[in-house]
Amino acid sequence: MPAEERYGASGDLVVRHARVLPMAFGGAVRGSPPTLPEVPDGAVAVVAGRIAYVGADTDLPAPLRALPTLDAAGRAVLPGLVDCHTHVPFAAWRADEHAERLAGATYAAQQGGEGGRPRGIARSAAQLAAAADADVLAFSHHRLGECLAAGTTTVELKSGYGLQAAQEMRLLALMQRLAAEVPQRVVRTGLFLHGPPPPPGREAWAQRVVSELMPRALAQGLLDGVDAFVEAIAYRLEDAVPLIEAAQRAGLATHLHAAQLEPSAAAAWAASRGLTSVDHLDHLDPDGVRALAASPTVAVLLPGATFLTGGATRPPARALLAAGACVAVATDLNPGTSPLTSLPEAAALACRLFELTMEEALAAVTVNAAAALGLGHEVGSLEVGKRGDLVVLEGDEPALLVYRLGHPAVETVVAAGRIAYRRSDGGAKAS
Ligand SMILES: [Zn+2]
């Protein structure tokens, strides 16, 4: 019987003899984490999908020794990774646009279309509108499978390629389908202010989103948070403010895409209003750094987009960390600027492009990424009561995660106590 079936039903599992790095710091890490706490010969037990024990293997209570067992044989075990920023679902890649940028085109110029051909967000919207639901779901399932195999057990999905009410509602419904069908915990964000608005234009669409779209999505139980793309080529901060304020009143998580392409006041505003996260920040200015350091808002860095767009400007990650901001890293998985599905690869890029240490990068894709979704109480660290999500690496060294470019060092992925992925070349021994 395959291990996935044998251990798949109950959500009960104990991982033994692991080098356990719980990433438990009593909440999100501000600035740089201290030396990572670890349990050298540790065990993590999951009962009914929830963590019931984290500690020394020798102290594992007797009833938990009877659970289905995964012997990690000294390998490193980390919390399941949290990808707090993706643009799944979408219908197709746009690799040719990457080639155009390599030949000199800019991302901003592509948004306007080139030579009458649709480009950028509008092109993804056209691809989505032309695709059947089954095809969008199949494409998105493949992408989320790739995320899982790289260790992601919680993933944020955004709408945003709808660009008009019916297609945005369709995307939210597809996100709901994916949430029910994948092993990951899915977080659903309405990126209602994203690309070219439908007639009569930007201001009317921004108002309609608040008065009609968000209430409809909320009434149908389809929304965990909202987001807006605040850039000169997209929406102004004043377009997004009513949406963010309405979402905060409704108790939703709130996010902004900000300072990706040019400096803006959006990040400092987001920090002053306590948004859950503000994302990109390549052009963040010192005022924005200070504001984020003084607020609970998580600064989400997206090195895949910086790398793939060839952005010469980098987010001031070291300044953010030195000032005590809470920094997370995500893939920004999207067809235009960041086709990354591997969060370890995003973390590896953040280490070199943005000068994060291994410890900072690990916190950025676990406990801090959970905070960037408002889920710090639920995922992101190995603590009793949290969801039983963990990854077993292919060796005992946690740095493997930010080192094995192109091939995730993740061997086994456990989601809610179930083995959700095991690498085909072996993996920790089950008994
Ligand atoms: Zn994005």
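A residue is counted as buried if 20 or more other C-beta atoms lie within 10 Å of its own, as exposed if 12 or fewer do, and as partly exposed in between, with C-beta atoms placed from the backbone. The structure is a predicted model, in which local features need pLDDT of at least 70, side-chain atom pairs count only at pLDDT 80 or more, and totals for chains, interfaces and linings use all residues. Residues are numbered from 1 along each chain as its sequence is written.

The mean pLDDT (the predictor's confidence in each residue, from 0 to 100) is 94 for the chain, and 96% of the residues reach 70 or more. Over residues 1–8, pLDDT stays under 50. Where pLDDT is low, the predicted coordinates should not be read in detail.

Ala259, with phi of about 55°, is found in the loop between β10 (253–258) and α10 (266–272); helices (H or I, at least four residues) and strands (E, at least two) are DSSP runs, numbered from the N terminus. Ala259 counts as buried because it has 26 C-beta neighbours inside 10 Å. Leu163, with phi near 65°, is found in the loop between β7 (152–158) and α7 (165–181), and is buried, with 23 other C-beta atoms within 10 Å.

Cis peptide bonds join Val88 to Pro89, with omega about 10°, and Pro199 to Pro200, also with omega about 10°. Pro89 lies in the loop between β6 (81–83) and α3 (95–102), whereas Pro200 is found in the loop between β8 (185–193) and α8 (202–219).

Notes. Two residues are in contact if their C-beta atoms, placed from the backbone, lie within 7 Å.
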